[in-house]
Amino acid sequence: MQIQTGLEAGVEGALLKADVRELDFYYGAFHALKRVSMPIYDHKVTALIGPSGCGKSTLLRCFNRMHDLYPGNRYAGGGIVLFPDDTNLLAPGVDPIEVRMRISMVFQKPNPFPKSIYENVAYSLRVRGMSNKNELDDRVESALKGAALWNEVSNRLKELGANLSGGQQQRLCIARALASDPEIILFDEPTSALDPIATASIEELITELKEKVTILIVTHNMQQAARISDYTGYMYLGEMVEFGVTDQIFIKPQKKATEDYITGRFG
Amino acid sequence: MTASASMPSDPLPLGSGISDRLSKKASRHIKERIIEALLFAAAAFSVFVTIAIVYVLVKESWVFFETVPLSDFLFDTQWTPLFDDAHYGIMVLLSGTLTSSGVALLVAIPLGTIIAIYLSEFAGFKVREIAKPFLELLGGVPTIVYGYFALTFLTPILQKIYPDLPGFNLLSAGLVMGIMIIPYVASLSEDAMRAVPMSLREGSYAMGATRLQTALWVVTPAATSGIASAYILGISRAVGETMILAVAAGMQPNLTFNPTEPGATITSYIVQVALGDLPHGSIGYQTIFAAGLTLLLMTLAFNLLGYWLRKRFREVY
């Protein structure tokens with residue numbers, strides 16, 4: 001599937017951070033991604049939308065090699081090239097742990113570790129071998145500030161992460177992902193388990209975060225994609241149907257299929 | 001079965017509806033009641049047996065403590081109920097129980113935990129499906145076999161390393177007891193780890209953690225309550241184990257915490273007396289009830305500790 005031409009209009013000097021090139025992916029015998037291509041622009045929010053089972057989460061989870069955790073999953077062709085170093089993340093010689101050090105992730109359901117708030121955020125630093133107390137303190141504080149959680153938890157850092165509310169837990173998971181200064185953060189339907197107020201705060205946070213980091217978000221909520229993303233890709237049955245600047249995708253989609261989905265006639 | 005099968009063929013009386021069929025007189029309900037009563041009886045039976053055991057132990061121990069003051073029982077440093085100069089210091093038997101259990105747990109807890117971590121976090125599906133039945137088989141070996149294994153196989157090997165080791169000793173019995181307990185610790189710990197939701201592991205991997213970091217820093221803490229119960233079960237098994245100690249540890253009451261000496265434990269003493277020719281009702285015979293009560297209180301204490309640990313560290317995922 002070729003990338004839509006309307007794209008260039010909205011680029012305005014945005015740099016490529018990653019490029020998905022004709023990616024094929026299989027779950028066992030099931031062909032889940034079919035020659036998917038899309039660009040990911042630096043310091044922008046890119047949203048993936050589409051009906052359930054269209055492959056949007058599958059594509060997202062290729063970025064940090066999450067599929068490597070389960071047997072039977074197979075990257076079958078193409079790749080994801082990360083810039084500026086121009087390496088294919090999916091190449092056999094690339095260590096998935098190195099990839100995950102650079103590309104972090106926030107999950108659908110908040111999944112804080114059974115540890116204190118402090119240790120939850122420090123986790124991604126500790127796995128990198130950081131143990132200097134002052135440095136950890138600084139990084140944890142700035143990550144919590146970055147996730148707009150510091151004011152609420154600064155005096156209860158020793159409490160269990162699970163004691164926080166759902167929205168706070170999700171912001172804790174964002175702080176955890178931020179702490180190690182990743183280049184890209186992947187969000188897999190980050191607000192689907194949250195109430196509208198918590199959702200609004202996460203959305204606001206995501207738009208602020210793009211100052212620091214490139215964001216790729218999967219969402220089943222089209223309004224959310226329209227509100228927070230700069231670029232949107234519409235996927236269906238494992239194919240990238242249309243990719244473009246968000247406004248263009250939502251106001252003047254090039255493809256009939258995209259228009260049908262956006263206007264609610266389908267899906 | 002017959003009730004429901006005959007239902008449709010029964011001519012329903014006029015005006016009958018749901019309410020008639022739900023009435024307590026319906027034959028279905030009588031059957032339900034019978035089944036309910038049977039289920040209750042089965043449940044009540046186990047409670048009754050437990051109460052009966054405690055009753056017998058307390059009643060017979062009472063007879064013992066009418067002759068022997070509790071302070072002697074707790075603080076005397078000799079256990080010689082069969083001698084003319086009889087002493088009844090439970091400490092002597094307790095030291096044997098604690099020493100052999102300590103040795104066993106030094107084997108079972110580290111090995112069992114490592115096996116659990118390996119099986120749950122590292123082993124592939126096939127390895128786990130093969131290894132787990134073998135592991136559980138280890139727990140199904142009769143303890144008398146373990147006892148002879150300790151006495152005739154392990155002790156001679158240990159004597160080569162440490163020539164002064166007596167033929168009967170707590171060390172070899174404790175080591176073999178540890179091997180016996182490994183499956184309990186490993187199997188229950190592994191179940192607890194596998195119950196940790198995949199989302200927590202994914203969270204850890206997504207932060208760039210290795211398998212070992214994920215296993216030690218996320219999965220194990222999340223499974224703490226289950227692992228603690230596994231340990232407690234292992235301790236209870238060790239404290240209550242009889243045959244291995246009776247066969248391989250010598251049955252000589254000996255106030256020592258040195259595992260290279262022979263010793264009697266509470267359980268092996270009970271076997272010795274129960275099989276011996278002491279007349280029923282004699283004070284020597286009554287000692288086994290006092291010893292049994294001590295054992296019951298110990299395991300009860302461990303069970304309560306386990307219950308508390310489960311509540312304290314239970315994770316709500």
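**Exercise 1.** At what angle do helix α11 and helix α14 of chain B pack, and how far apart are their axes?

*Solution.* The structure is a predicted model, in which local features need pLDDT of at least 70 and side-chain atom pairs count only at pLDDT 80 or more, while totals for chains, interfaces and linings use all residues. Residues are numbered from 1 along each chain as its sequence is written, and chains are lettered from A and ligands numbered from 1 in the order in which they are written.

Begin with the elements: helices (H or I, at least four residues) and strands (E, at least two) are DSSP runs, numbered from the N terminus. Axes are lines fitted to C-alpha atoms, for helices over the stretch in contact, and angles run from 0 to 180 degrees between N-to-C directions. For α11 (residues 224–240) and α14 (residues 283–313) of chain B, the angle is about 175 degrees and the axes lie 8 Å apart. Therefore α11(B) is roughly antiparallel to α14(B), a term for angles over 145 degrees.

**Exercise 2.** Which residues of α11(B) meet α14(B)?

*Solution.* Two residues are in contact if their C-beta atoms, placed from the backbone, lie within 7 Å. In α11(B) these are Thr224(B), Ser225(B), Ala228(B), Ser229(B), Ile232(B), Ile235(B), Ser236(B), Val239(B) and Gly240(B), and their counterparts in α14(B) include Leu295(B), Met298(B) and Phe302(B). The residues of this contact divide into 10 nonpolar, eight polar and one charged, where Ala, Val, Leu, Ile, Met, Phe, Trp, Tyr, Cys and Pro count as nonpolar, Asp, Glu, Lys and Arg as charged, and the others, Gly among them, as polar.

**Exercise 3.** What is the strand order of the open sheet of six strands in chain A?

*Solution.* Two strands pair if DSSP finds at least two bridges between them. With mixed pairing, the order in chain A is β6-β7-β8-β3-β9-β10. β6 (103–106) and β10 (239–245) of chain A stand at the edges with a single partner strand each, so one side of each has no neighbour in the sheet. Within the sheet, β3 (residues 45–49) and β9 (residues 231–236) of chain A run parallel and are joined by four bridges, and Ala47(A) stands opposite Thr232(A) in β9(A).

**Exercise 4.** How many residues does each chain bring to the contact of chains A and B?

*Solution.* Chain A brings 20 residues and chain B 16 residues. On the side of chain A that touches chain B, α3 (96–102), β6 and α4 (117–126) each supply at least two residues, and α3(A) gives the most, with three residues.

Methods. Angles under 35 degrees count as roughly parallel, over 145 as roughly antiparallel, 65 to 115 as roughly perpendicular and the rest as oblique.
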